2 protein chains.
Amino acid sequence: MQPSLILNILGFLYLFLSLTMIFPLTVSIIYKDGCVSAFLYSIVITVISGLILFYAFPSKKKELSHRDGFCIVTLGWATVALFGSLPFIFSGSINSFTNAYFETMSGFTTTGATICLSVEQLPQSILFWRSFIQWLGGMGIILFSIAILPFLGVGGMELYKAEVPGPTPDKIKPRIAETARILWKVYLLISLTEVILLLAGGMNLFDSLCHTFTTLATGGFSTRNNSIEYYNSPYLETVFIVFMLLAGINFSLHYRLLLGNLKGFWKNSELHFFLCVFLISSALIAINLRLNFFDSLVPSLRYASFQVASILTTTGYSSNNFGVWPAFPQCLLLLLMFIGGCTGSTGGGIKCFRIMLLLKQGYRELYRMIHPRAVIPVKLSGKSISTGIMEGVWGFFYLYLFLFATISLIMTLLGLDLITAISSVAACIGNIGPGLSAVGPAENYSHIPTLGKWLLSFSMLVGRLEIYTVIVLFVPEFWKK
Amino acid sequence: MQPSLILNILGFLYLFLSLTMIFPLTVSIIYKDGCVSAFLYSIVITVISGLILFYAFPSKKKELSHRDGFCIVTLGWATVALFGSLPFIFSGSINSFTNAYFETMSGFTTTGATICLSVEQLPQSILFWRSFIQWLGGMGIILFSIAILPFLGVGGMELYKAEVPGPTPDKIKPRIAETARILWKVYLLISLTEVILLLAGGMNLFDSLCHTFTTLATGGFSTRNNSIEYYNSPYLETVFIVFMLLAGINFSLHYRLLLGNLKGFWKNSELHFFLCVFLISSALIAINLRLNFFDSLVPSLRYASFQVASILTTTGYSSNNFGVWPAFPQCLLLLLMFIGGCTGSTGGGIKCFRIMLLLKQGYRELYRMIHPRAVIPVKLSGKSISTGIMEGVWGFFYLYLFLFATISLIMTLLGLDLITAISSVAACIGNIGPGLSAVGPAENYSHIPTLGKWLLSFSMLVGRLEIYTVIVLFVPEFWKK
């Protein structure tokens, strides 16, 4: 462990964060919404903190170890949410530190769970910042999952070592820098396209920008209290469905697609699985809604496909209050929360490739009942998966469910009803946002007790950083020399 | 596959079943409850079916294959429930075939979910039969899990190959016979002790017998509408707690204990885990009940420990309506449904040894994050667990949850609310009995739609036979030559 190097990099991260605050500052100046000083104070505090760490702990240019990596990522996300919450506090938009931290963590982890009773009353610059931190978090998570995780060997992600776009030198720093450059371009390009398409649908520039930020990040914060339902526009909903799905797909694939490698894009078996789950779930929910909720097929299909895309990709927008839908769609949406997006996307959850590997091994074990002596490897896209990777995937699955169960249990201890407890944790650890019952799409998280908000903030962080990265810091062995 | 041998053994099973019907017939004669003819008809039909199969398909004395084993066990349980339901139908105690099959399957799988609105109105002989089939099912499951499963290699049960009591010759038939003889004795001895202790507590002989049958089987059928709450006796509740826990412990350990091997009994790490879960959960629920439900500590401890023992061992008795307890005890009880008893007990659920192995591997994967090159085997009671066994355990865990999720989803499609759907499937696949909400301890399963009852009957069977045994019959590969 190299504490000096870790603090140095954190300092650099805060300096970067303070630069990003210039954008909402500009928005505040343009809209004259009275938040200029809030952003200025925040920038000053963040810059000073960054400078102190950056210069007091000079980097000795040593190579990063695994442990350093875990520390930087976890502390990075946890403390960036701290500095990111300053504008909410200084502007008076959010009244308590717990609420501000919850909202910011929900932003940077691209969750989208909110404690705001009415977002439409927030100043423009604050609304902008709230969406912008999701976009930043989304970029961070793509970089983390594509460039860093495979090399830290977290939860079976070693599988994707070979698929990192760009040159893959052994040293971690130049690799991250190069991958970051490529992925920023892809991310920016898709964002720009969405903004244009939203503008074409009659959405104003401000809303288009904010919603693009939160679509690409599969974050789900909206500038409207009723989320996408406010616009009541099939065109806009279609644009959102397409871009939510794009954001839920591995960004390495988008990079390949942009290079003209259409075959490499369509050959990906995780993508097939992801799209199949989307189509089948949409169809099932649409049929159920047609029979039990709506009078005709068109709205059933429209709202079902939007909501499935939103929950499966872990975005969390709503175009219809699914909290009042029948039990079947609610149960299916709850299950989709656990599946989540593809690897290397901004989507959360367990991720499609893990669910696929689990299904395949489940079937393999059945096969072995029949042929006890047969040696059958689990395969993905034609490649045999090593035992080590499978163990990583199993361990991930178990820890995910174990944390989900334990935190849900504590939430009931705080007085929440069973469905609220279960669905709030599922929605936070999976980085979705809205859950069911008292945290449903027409509700918010403001009524959750303080301890519960901190637990849910922790869940968002743990879920976003693929469980291991955070939990490993709680293993005593981690801190031994 | 040897269909002739399979049918021959099934015929033998039906003949055995018809013999067991002599006991309730005797009860009917003694109590003059008007069910003599119902049992006579049932015996005749069962005997004739048994004789036809037994003599029309003579055993060629060939050795049983794996596939034969899966077929016999699954078909055996499914069809014995068919013949076992005849007395309910002929006596007019249960009004539909679906209900009668559900109740009988719930009996033979030692689940304890009931469709009876008022059990106190049933004739004595029918009440006796209802409890007695649980006792028979319990014995069957001990034999199955101790003598058969380890050799079929189901869900990591190979682990217990060496622990089968009695001689372990390679041939399957003599081993089963010898193990059965030993275990029957242990089972009878413990049952006898419980009957005496219940009589000593003032319970009448009939109720003592019936409740002993359903305690030892961790079945949970009661002769009273209010289950154990009816007696309102701390002494009886203590006896039940002790015997439910005994029934939730591996019967090989009881055998060792009876041989005087106290050390071998206490050294078992699965037993430690089982008792720890019982003690910690009881304490947590007692504290919560004291703070939110009862006025003093004594009833809190009393009802908490009883309910935890009942749910953890998958018995399903209730001594207080936990359906109206706060959300925390309900959530914890729901989680305990998934843990279940020890291997080789009559308890259902995922089983303690699997949960232990999953926890250990989860931790091992965390350790490997820190020491990526270290080779650390997962150990249980000091023994290293092979990769093959771990894969079996993982596969089991995943299939269990996959079936739970899928069947819950279908239950919501039938119009059940989310908690009823989830908890009814958890309670049936785990062989517990009562769930929460509309299938809570003060409710019953009579209002579940017909398709739902069949699905739940299937869940009981699948859960009871350790998932693989049943599901493997649905794999096309199974039926190929």
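B:Asn232 counts as exposed at 51% relative accessibility, where exposed means over 50% relative accessible area, buried under 20% and partly exposed in between, with a 1.4 Å probe and protein chains only. This is a predicted model, in which local features need pLDDT of at least 70, side-chain atom pairs count only at pLDDT 80 or more, and totals for chains, interfaces and linings use all residues. Residues are numbered from 1 along each chain as its sequence is written, chains are lettered from A and ligands numbered from 1 in the order in which they are written, and side-chain values use heavy atoms, with hydrogens and water left out.

**Positive phi in loops**

- B:Asn232 sits in the loop between α9 (205-216) and α10 (234-247) of chain B, the helices being DSSP runs (H or I, at least four residues) numbered from the N terminus, and its phi is near 45 degrees, a positive value in a residue other than glycine.
- Most residues other than glycine have a negative phi.
- A:Ser437, in the loop between α18 (418-429) and α19 (450-464) of chain A, also has a positive phi, near 55 degrees, and counts as partly exposed at 39% relative accessibility.

**Relation of the two chains**

- The same surface serves both copies, since 98% of the contact residues of chain B recur in chain A, contact meaning heavy atoms within 4.5 Å.

**Helix packing in chain A**

- Helix α7 (residues 124-152) of chain A and helix α9 (residues 205-216) of chain A pack at an angle of about 25 degrees with their axes 7 Å apart, the axes being lines fitted to C-alpha atoms over the stretch in contact and the angles running from 0 to 180 degrees between N-to-C directions.
- This angle makes α7(A) roughly parallel to α9(A), a term for angles under 35 degrees, as roughly antiparallel is for those over 145, roughly perpendicular for 65 to 115 and oblique for the rest.
- The contact of α7(A) with α9(A) includes A:Phe128 and A:Trp135 of α7(A) together with A:Phe206 and A:Phe213 of α9(A), and its residues divide into 9 nonpolar, 5 polar and no charged.
- The axes of α1(A) and helix α3 (residues 36-56) of chain A come within 7 Å and cross at roughly 155 degrees, which makes α1(A) roughly antiparallel to α3(A).
- Among the residues making that contact are A:Leu7 and A:Phe12 of α1(A) and A:Ile43 and A:Phe54 of α3(A).

**Buried residues of chain A**

- A:Thr20, found in helix α1 (residues 3-20) of chain A, is buried with a relative accessible area of 5%, and, leaving aside its neighbours within four places in sequence, is in contact with A:Trp129, A:Phe132 and A:Leu136.
- A:Phe396 lies in helix α17 (residues 387-413) of chain A and is buried with a relative accessible area of 1%; not counting residues up to four places away in sequence, A:Phe396 touches A:Gly155, A:Ile350, A:Arg354, A:Glu466, A:Ile467 and A:Tyr468.
- A:Asn268, in the loop between α12 (262-266) and α13 (269-292) of chain A, counts as buried at 13% relative accessibility.
- A:Asn268 and A:Ser381 are 113 residues apart in sequence and 7.0 Å apart in space, C-alpha to C-alpha.

Conventions
Helices (H or I, at least four residues) and strands (E, at least two) are DSSP runs, numbered from the N terminus. Ala, Val, Leu, Ile, Met, Phe, Trp, Tyr, Cys and Pro count as nonpolar, Asp, Glu, Lys and Arg as charged, and the others, Gly among them, as polar.
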